[in-house]
Amino acid sequence: MYVCLCKNVTDHRIRQAVEDGARSWREVQQVTGCGTQCGKCACTGKDITREAIRAELNAAAEGLAYAV
């Protein structure tokens with residue numbers, strides 16, 4: 001779905017930015033431009049960013065866990 005109409009940013013693009021290494025809303029904004037024009041999408045963009053970062057960190061942690 002489109003999150004930012006001003007910059008044509010989708011939720012997929014935000015998640016891709018996090019997969020590519022963005023670890024904060026500010027970094028996602030720099031990569032995508034989301035929330036930098038009118039700002040109406042900022043809350044939704046932040047929520048998607050938080051979810052994506054949480055998922056990315058959990059996936060990284062799963063790779064470290066092993067049975068003893």
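The buried residues of helix α2 are covered by parts of the chain that include β2 (9-10), α1 and α3. Here, helices (H or I, at least four residues) and strands (E, at least two) are DSSP runs, numbered from the N terminus. This is a predicted model, in which local features need pLDDT of at least 70, side-chain atom pairs count only at pLDDT 80 or more, and totals for chains, interfaces and linings use all residues. Residues are numbered from 1 along each chain as its sequence is written, and side-chain values use heavy atoms, with hydrogens and water left out.

Which residues of α2 are buried? They are Trp-25, Val-28 and Thr-32, where buried means under 20% relative accessible area, exposed over 50%, and partly exposed in between (1.4 Å probe, protein chains only). Looking down the axis of α2, you find these buried residues within an arc of 60°, so they line one face of the helix; the arc is that of the directions from the helix axis to the C-beta atoms. The face turned away from the buried side carries the exposed residues Arg-26 and Gln-30. Just after α2, Gly-33 takes a positive phi of about 85°.

Now follow the contacts (heavy atoms within 4.5 Å) across to helix α3, where Thr-49 sits. Thr-49 counts as buried, at 2% relative accessibility. Leaving aside its neighbours within four places in sequence, Thr-49 is in contact with Ile-14, Val-18, Ser-24, Trp-25 and Val-28.

Next comes the largest nonpolar core, which has 15 residues. A nonpolar core is a set of buried Ala, Val, Leu, Ile, Met, Phe, Trp, Tyr and Cys residues joined through side-chain atoms within 4.5 Å. Val-3, Ile-14, Val-28 and Cys-34 touch the most other members of this core. Two or more residues come from each of β1 (2-4), α1 (11-19), α2 (25-32) and α3 (42-64), and α3 gives the most, with 4 residues.

What about the cysteines? A disulfide is a pair of cysteine sulfur atoms within 2.5 Å, and by this rule the count comes to 0 disulfides. Cys-38 is in no disulfide either, as its nearest cysteine sulfur, that of Cys-6, is 3.7 Å away. Cys-4 is buried, with a relative accessible area of 2%, whereas Cys-38 is partly exposed at 46%, in the loop between α2 and α3.
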